[in-house]
Amino acid sequence: MGRVTERRKVIRIRDGAVSTRPDTLVAEEPLEIRLNGKPLAITMRTPGDDFALAAGFLVSEGVLASAPDLRNIVYCAGATADGSNTYNVVDVTTAPGVAVPDITLERNVYTTSSCGLCGKASLDAVRTTTRHPIADTPPLRVTPELLSELPDRLRAAQRVFDRTGGLHAAALFDEHGELLDVREDVGRHNAVDKLVGRALQSGDLPLSRTVLMVSGRASFELAQKAVMAGIPVLAAVSAPSSLAVDLAAETGMTLVGFLRGSSMNVYAGEERIALRAAAVRA
């Protein structure tokens with residue numbers, strides 16, 4: 001499989017002084033996802049956890065909902081003209097009886113590390129109906145103090161970022177702030193798919209007692225992936241989009257943005273935030 005990082009020579013300029021040195025870069029390679037032998041999507045990703053990435057992608061697409069839905073995931077041998085295996089093509093086989101989407105040229109999609117899933121025919125097509133409605137009973141409750149600690153805990157777990165500075169990260173925490181899993185990828189949507197895919201493979205869906213922490217902004221797509229996995233709280237260090245806020249409000253998910261130090265904005269689902277009695281001023 002491809003390496004997570006690669007070395008390249010760079011010219012370094014610091015205060016007018018010029019030198020050459022090797023630099024560590026995050027690797028980026030395409031991954032083609034096939035469903036039952038048919039091409040479905042291509043994503044640009046950081047190699048590693050490819051099976052989890054494919055499984056998580058199919059959770060967000062509404063194809064997989066639990067471990068029994070998945071029969072097998074394999075790398076495709078003979079992916080090149082000379083028959084070698086590039087480890088850049090995976091084939092997901094679903095269990096008998098699992099409904100699969102109609103794979104047509106219109107449905108076939110291309111995803112990028114910057115924007116996530118593109119090429120949808122309409123917004124309605126993106127709003128896939130989840131088979132894991134958010135149902136944290138009793139309701140999960142987290143304090144602002146606990147939330148404020150999560151970005152540092154996420155950052156401390158980013159091993160590859162320390163070497164490259166070029167990766168997004170997503171982490172799952174339990175309701176007490178304990179780190180359950182963390183994944184890194186050049187694409188923020190891929191990092192979430194890897195988390196969700198690993199949870200599916202482990203039989204842990206829905207993730208109804210967890211907080212999803214992401215290192216960038218909270219786009220509609222990331223909110224959708226959280227909803228599809230049954231995650232009740234999504235927190236981001238940067239801004240959410242308007243559609244992400246709308247989706248959170250519609251589905252009952254708590255959405256927190258601009259989580260930096262002790263400051264944060266709660267955009268939806270404020271009932272899960274254990275605020276002090278004094279406090280909410282208009």
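Author: Asn 36 sits in the loop between β3 (29-35) and β4 (38-45); strands (E, at least two residues) and helices (H or I, at least four) are DSSP runs, numbered from the N terminus. The model is a predicted one, in which local features need pLDDT of at least 70 and side-chain atom pairs count only at pLDDT 80 or more, while totals for chains, interfaces and linings use all residues. Residues are numbered from 1 along each chain as its sequence is written, and side-chain values use heavy atoms, with hydrogens and water left out.

Phi of Asn 36 is near 50°, a positive value in a residue other than glycine. Asn 36 has a relative accessible area of 35% and is therefore partly exposed (buried is under 20%, exposed over 50%, partly exposed in between, with a 1.4 Å probe and protein chains only). Asp 15, in the loop between β1 (5-14) and β2 (17-26), also has a positive phi, near 55°. At 86% relative accessibility, Asp 15 counts as exposed. Most residues other than glycine have a negative phi, and most peptide bonds are trans. The bond from Thr 137 to Pro 138 is cis, with omega near 0°, and Pro 138 is placed in the loop between α2 (123-126) and α3. A cis bond also runs from Leu 205 to Pro 206, again with omega near 0°; Pro 206 belongs to the loop between α5 and β11 (210-214).

Just after α5, Gly 203 has a positive phi of about 75°. Helix α5 itself, residues 188-201, has 14 residues and reaches 20 Å from first C-alpha to last, close to the 20 Å expected at 1.5 Å a residue (1.5 Å times one less than the number of residues). Twelve of the 14 residues in α5 are buried, among them Val 192, Leu 195 and Leu 200.

Helix α1 (residues 50-60) crosses α5 at roughly 90°, and the two axes come within 6 Å; axes are lines fitted to C-alpha atoms over the stretch in contact, and angles run from 0 to 180 degrees between N-to-C directions. That makes α1 roughly perpendicular to α5 (65 to 115 degrees; under 35 is roughly parallel, over 145 roughly antiparallel, the rest oblique). The α1 side of the contact (heavy atoms within 4.5 Å) includes Phe 51, Leu 53 and Phe 57, and the α5 side includes Asn 190, Asp 193 and Val 196. By class, the residues of the contact of α1 with α5 are eight nonpolar, five polar and three charged (nonpolar: Ala, Val, Leu, Ile, Met, Phe, Trp, Tyr, Cys and Pro; charged: Asp, Glu, Lys and Arg; polar: the others, Gly among them).

A second pair is α6 (residues 220-228) with α7 (residues 242-251), packed at about 20° with axes 8 Å apart. Helices α6 and α7 are therefore roughly parallel to each other. Phe 220, Ala 223, Gln 224 and Val 227 of α6 make this contact with Leu 243, Ala 244, Leu 247 and Thr 251 of α7. The residues of the contact of α6 with α7 divide into six nonpolar, two polar and no charged.

In helix α3 (residues 144-156) lies Leu 146, buried with a relative accessible area of 15%. Apart from neighbours within four places in sequence, Leu 146 contacts Glu 175, His 176 and Gly 177. His 176 is 30 residues from Leu 146 along the chain, with their C-alpha atoms 7.7 Å apart. Across the protein there are seven helices and 14 strands, and buried residues make up 49% of the 282 residues.
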